[in-house]
Amino acid sequence: MVVRTQQQDFAEFYSGAADECLRTVVVSIGDQDTAQELVDEAFARAWASWRTVSRHPAPKAWVVRTALNAGISRWRRRRREVPVPDPARAADLPAANGASASQVDPQIMAALMRLPARQREVVALRLILDLDTARTAEVLGIAPGTVMAHMGRAMAALRLDLQPELQQENQS
Amino acid sequence: MNDNELSTMVRESVADIRSSTPVDQVIRRGRAVRAWRRRVPAAAGALVVAGGAALGVTALAPSGHPAPAAAGTAGSRPAIVQLAAWTVAKQANGDIDVTIRQLLHPAQLQATLRADGLPAHVSFSGHPDSAVCQPYSRNESVIVLYRTLTWTLTRGGSDVFTIRPSQLPSGSGLSITVEKTNSFPGFLDPAFALVHASQQCTG
């Protein structure tokens, strides 16, 4: 009989979920370095509460939700206006397309970043984390119908944005 | 381009992203979170209940701060202020541990944090008061909040936050909004924003 320790259990979960969770958060917030920090912290909290999280019906969704909560204020998602950044501190922050962002297709990422934040989160959870509509709605705390509406609008916007690029690729 | 092609395109655009953090490092950090989580109830367990104090405020060792009226101590502010709903514990290094059990008395929590040197705006209604507080940009908030906050979910249903006021930029404060979450029953749903400190917002 094989007795698995909690640590082995968590390590296996981490191994299978870390990349996917990171990609999901990258698509949600657009900055890979920040996403890595937030996902690391979320996994650390998952380990700290592993008895609870391991029984969660969708632990990967728990991690992504925790990462997004830790880093992005709900305030920013609710407020559409962009506050004026303080230029004195802007230089201390990593660029949105830093060195590690080279792993991401810049044109598609730019198109994703042009989506409203909520649409981007829906795209990330549905396409990258592969959650169904109901679970996505649960994670974001919105109605399934709203998820479908956001997804529909996001796909239409992305298609419009990326169509010229695709045509160009096909011609060349 | 149909939906399937577009979906594939989006998936492939981030397919090369790999987490660079070894699991050992995550577990070490998780152990630190666990150890810290055990420290707070141990400290709270040593509390002496201040008989008859309004709202059940409990005082521990003085830390040299001005005393809130509810604590009933003269000339000093307790290092730990505990209500049934929440606990604020100021550590020797200036970090502030906040344990939230119930979403009650936000104004008193805000005043307690301010007395501990943290300009804060606290709301338990789930709706940040955007009329009185001006937030920083999202990018600025993300980086600063990552440095300023550690958030621990406890199995007992409490949410514990360690806040490092020393990491806040000069003239800034913290907007703390907490509500119950529908997504994960039993957990609270906190949200933080970096805001410009002002009389209206942080007091």
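A residue counts as buried here if 20 or more other C-beta atoms lie within 10 Å of its own. With that in mind, welcome to this predicted model, for which the predictor gives the complex an ipTM of 0.76 and a pTM of 0.53. We start with helices of chain A and then turn to chain B.

**Helix α9 of chain A**
- Helix α9 of chain A covers residues 133-140, and six of its eight residues are buried, so the helix is largely enclosed by the rest of the structure.
- The buried residues are A:Arg135, A:Thr136, A:Ala137, A:Glu138, A:Val139 and A:Leu140.
- Just after α9(A) comes A:Gly141, whose phi is positive, at about 70°.

**A helix pair in chain A**
- Two packed helices are described by the angle between their axes and the distance between the axes.
- For helix α1 (residues 6-29) and helix α2 (residues 32-48) of chain A, the axes come within 9 Å and cross at roughly 145°.
- The crossing of α1(A) and α2(A) is right-handed.
- On the α1(A) side, the contact is made by A:Phe10, A:Tyr14, A:Ala18, A:Cys21, A:Leu22, A:Val25, A:Val26 and A:Ile29.
- On the α2(A) side, the contact residues include A:Gln32, A:Leu38, A:Val39, A:Phe43 and A:Trp47.
- By type, the residues of this contact divide into 13 nonpolar, three polar and no charged.

**Chain B as a whole**
- Chain B holds five helices and 13 strands.
- Of the 203 residues in chain B, 38% are buried.
- Among contacts in chain B between residues at least 6 apart in sequence, 49% join residues at least 24 apart.

**Strands β8 and β12 of chain B**
- Strand β12 of chain B (residues 172-180) has seven of its nine residues buried, so this strand is largely enclosed by the rest of the structure.
- Strand β8 (residues 120-123) of chain B runs parallel to β12(B), and four bridges join the two.
- One of the residues to look for is B:His121, whose bridge partner in β12(B) is B:Ser175.

**Confidence in chain B**
- The average pLDDT of chain B is 72, and 64% of the residues score at least 70.
- Among the elements of chain B, helix α3 (residues 106-115) has the highest mean pLDDT, 94, while strand β1 (residues 48-49) has the lowest, 25.
- Over residues 39-76 of chain B, pLDDT stays under 50.
- For that stretch, residues 39-76 of chain B, the model has 72 contacts beyond four places in sequence.

Methods: Residues are numbered from 1 along each chain as its sequence is written. Chains are lettered from A and ligands numbered from 1 in the order in which they are written. This is a predicted model: local features need pLDDT of at least 70, side-chain atom pairs count only at pLDDT 80 or more; totals for chains, interfaces and linings use all residues. A residue is buried if 20 or more other C-beta atoms lie within 10 Å of its own, exposed if 12 or fewer, and partly exposed in between; C-beta atoms are placed from the backbone. pLDDT is the predictor's confidence in each residue, from 0 to 100. Two residues are in contact if their C-beta atoms, placed from the backbone, lie within 7 Å. Axes are lines fitted to C-alpha atoms, for helices over the stretch in contact, and angles run from 0 to 180 degrees between N-to-C directions. A crossing is left-handed if the near helix is turned anticlockwise from the far one by less than a right angle, and right-handed if clockwise. Ala, Val, Leu, Ile, Met, Phe, Trp, Tyr, Cys and Pro count as nonpolar, Asp, Glu, Lys and Arg as charged, and the others, Gly among them, as polar. Two strands pair if DSSP finds at least two bridges between them.
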